[in-house]
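I opened my notebook on this one and went through it piece by piece. Here is what I looked up, in the order I looked.

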Amino acid sequence: MKPQEIIDRFVHLARRASEDSIDGPGPAGLHRLERALAGSRRPRPSFVWIGGCVLAAALSATIAVLLIPRDRALTFEVTQGCVREGGYVVSKAADGAVRFSDHSDLGMDQGTRLRVSNVDVHGAHLMLEAGTLHVSIRPRRLARWSFDAGPYVVHVTGTAFDLAWEVERQTLDLRLHEGSVTVEGPLAGGDIHMIAGDHLVANAGDGSLSIVDERNVGPSQDRTGISAVSETGPAGPVSSSRSTPAPSPTRPGTGSVFRPSGGPWAARVARGDFEAVVDDARRQGIDRVLSEAPQADLAALADAARYARHQDLARRVLVAQRARFAGSVLAKDAAFFLGDLAEGRQDAALSWYETYLYESPDGAYASQALGRKMTLVQQLRGAEAARATAAEYLQRFGDGPYAPNARKLLRAQ
Amino acid sequence: MIFEPLASSCVTSRIVKDAARRERWGHSASEQNGRVIPFPEAGGSGLDDAAIVRILLAGDPRAARVVWNRLAPMVRGMLLRSFGPEHDIDDLIQEVFLTLFKRVATLREPQALRAFVIAITAHTIRREVRRKIATRWLQLGTTHGAVARDADLDSREALVRLYRILDRLGAEERTAFSLRFFEGLEIVQVARALGISAATTKRRIAHAWTRIVTHAKRDAALVEYLSSYSPEGAP
């Protein structure tokens, strides 16, 4: 769609909406204006009165500023360990821990040495001198955590992993359980983006590196897991639970690690290069991308395909995302987008929205999913069947975009 | 001559009007416990802009009604299109007219009344956008997205999303965009209304255009809706 068309249609829509508005500038407005004008001709209040008002306003503003909740830097406490000056923590038992005020948690094996620095509102910078950490970072918007381990730096937003650094052998051992991280350091081929299930072992001495994929591959799933979820509708809510891990083949060095060309896809999508991202994915092979791309890149590809109206590709990517990263926020969100893409198949769309609402009752798209569910139920099963959803919608999102329709449905009862 | 109680209503307004028919307009006397409101019979529809400015400057009691009848639909339409149908614009309309009454003495060319009111409305829009941004920033309250009434569900949702995109623009860009595209003003007229140069106006409009298109394209459902939207009728 051309930019000019977008603007033209936006303008037309806005103009039509303003024309449709039945309330004109009626006599009440004129009456109010006349009264205001009459009031403005009255003697003006004295300076003492104005001064009092200004003072009261200033006082109110000060109180308001003081009362507005503001983000504060995180704090932390240490159990089964000792803290020395400069945030130097040494674990004295096998269950040592550093707990942050945002509920992020670092378990420490006995003897682990750690320095906590640069603690701010978004996270902290931690330096693992030696030992093993069991990290659980609470996902938050703008979260910023980094872990130094020897020459390596692990960047985290919200995730869970085990991190060990052996000083003598100069070996980094990182096992990622949830989310994704980026590892910087003396790595052949540059930074490594890791996803849940990856196990990285890197040696700073000889530069060797191995990444083992320890994701769960169940009997009904192939490597991409696509067969576990149908594109025409969800088989059921996806569980985040895992069965016994079955290690898959080792990635032989960085040569086989998936890396999008031209920079991270998310950044290119943000710049509007949707077609370029889709082309890049096709060049690398869609099957390979679906089975190897990190979650962030897969999500970016799904966005690019949706925006560029490659709907079949978007569906494939979203289904793969749900299968490979079951339980993650993005995988749950994929259900909503799959509902959006199920155009013309109302049953499938409804099923996806119900799946999304089941998996993410308070998700970012809950309002829209519930509103669309209401509409679809009305279309498929009639107004009577949609009333329960309408009532739920009004209870949860009383001033949401679907509220007028929900009220209409309930009024028609 | 009639008296309006302090707590007035629409009924009062009608009584005032009926009484004024008998009294003819032009009275300005007042009595204890009430105000005299002369209600003119004529709406001033035959007056040109210069004549309206003259009665405004003269403090003529017909002025409010005449100006309101002539310009309120335009002002209301501008505000409605700038903020969406669900934004409460009654206060803003009052603000525009009170400013007009306050500043009409600074109008050098009486024939330019309409442009003068457009400029006042543009400044009111800009101030309101700044207020909305400040409110969001201070987290003192949530600003609700616009929701269209009496429209089908899809166009309502599309409108909500489009006004959310507008909410991402700065006050200057948004006002310039509204004047140029919603009101169909020329660049020079927009520049004059905002008191900025034509080059700056072009830059702001171009920036607003780019951001709107970029954000709109990121919303697949919106693009889909707009693609199927036919200006001749509902999609």
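Entry 1: I began with His103(A), which counts as exposed because it has 10 C-beta neighbours inside 10 Å. My burial scale places C-beta atoms from the backbone and calls a residue buried if 20 or more other C-beta atoms lie within 10 Å of its own, exposed if 12 or fewer, and partly exposed in between. His103(A) sits in the loop between strand 4 (96-100) and strand 5 (105-108) of chain A. Helices (H or I, at least four residues) and strands (E, at least two) are DSSP runs, numbered from the N terminus. I noted a phi near 75 degrees for His103(A), a positive value in a residue other than glycine.

Arg309(A) also went on the page, with phi near 65 degrees, again positive in a residue other than glycine. I found Arg309(A) in the loop between helix 7 and helix 8 of chain A. Arg309(A) counts as partly exposed, with 14 C-beta neighbours inside 10 Å.

**Entry 2: ground rules.** I kept in mind that this is a predicted model, in which local features need pLDDT of at least 70 and side-chain atom pairs count only at pLDDT 80 or more, while totals for chains, interfaces and linings use all residues. Residues are numbered from 1 along each chain as its sequence is written, and chains are lettered from A and ligands numbered from 1 in the order in which they are written.

I looked up burial next: 36% of the 413 residues of chain A count as buried, and 37% of the 235 residues in chain B do. For contacts I used C-beta atoms, placed from the backbone, that lie within 7 Å. In chain A, residues 24 or more positions apart account for 45% of the contacts with a separation of 6 or more. In chain B, 53% of contacts between residues at least 6 apart in sequence join residues at least 24 apart.

**Entry 3: the cores.** Which residues touch the most other members of the largest nonpolar core? I found Leu301(A), Ala302(A), Ala304(A) and Val317(A), in a core of 88 residues. Helix 7 (residues 295-307) of chain A gives this core its largest share, eight residues. The core lies between domain 1 (76-214) and domain 2 (258-411) of chain A, because both give residues to it. A nonpolar core here is a set of buried Ala, Val, Leu, Ile, Met, Phe, Trp, Tyr and Cys residues joined through C-beta atoms within 7 Å, and the domain bounds come from an automatic or database domain assignment.

Apart from this core I found another, of 60 residues, including Leu71(B) and Val129(B).

**Entry 4: around Val277(A).** I placed Val277(A) in helix 5 (residues 274-284) of chain A. Is Val277(A) buried or exposed? Val277(A) is buried, with 26 other C-beta atoms within 10 Å. Beyond its neighbours within four places in sequence, Val277(A) is in contact with residues including Trp265(A), Leu301(A) and Ala304(A). Ala304(A), with the sequence neighbours again left aside, is in contact with Trp265(A), Val269(A), Phe274(A), Val277(A) and Val278(A).

Entry 5: I took axes as lines fitted to C-alpha atoms, for helices over the stretch in contact, with angles from 0 to 180 degrees between N-to-C directions. The axes of helix 7 and helix 8 of chain A come within 8 Å and cross at roughly 155 degrees. That makes these two helices of chain A roughly antiparallel (over 145 degrees). Leu301(A) and Ala302(A) of helix 7 and Val317(A) of helix 8 are among the residues making the contact.

Helix 8 (residues 311-324) and helix 9 (residues 329-341) of chain A pack at about 150 degrees, with axes 8 Å apart. Helix 8 of chain A is therefore roughly antiparallel to helix 9 of chain A. Among the residues that meet there are Ala314(A) and Leu318(A) in helix 8 and Ala334(A) and Leu338(A) in helix 9.

**Entry 6: Ile286(A).** Ile286(A) counts as partly exposed, with 16 C-beta neighbours inside 10 Å. The C-alpha atoms of Ile286(A) and Val317(A) are separated by 8.9 Å, and the two are 31 residues apart along the chain.

Conventions:
Contact = placed C-beta atoms within 7 Å. Parallel < 35°, antiparallel > 145°, perpendicular 65-115°, else oblique.
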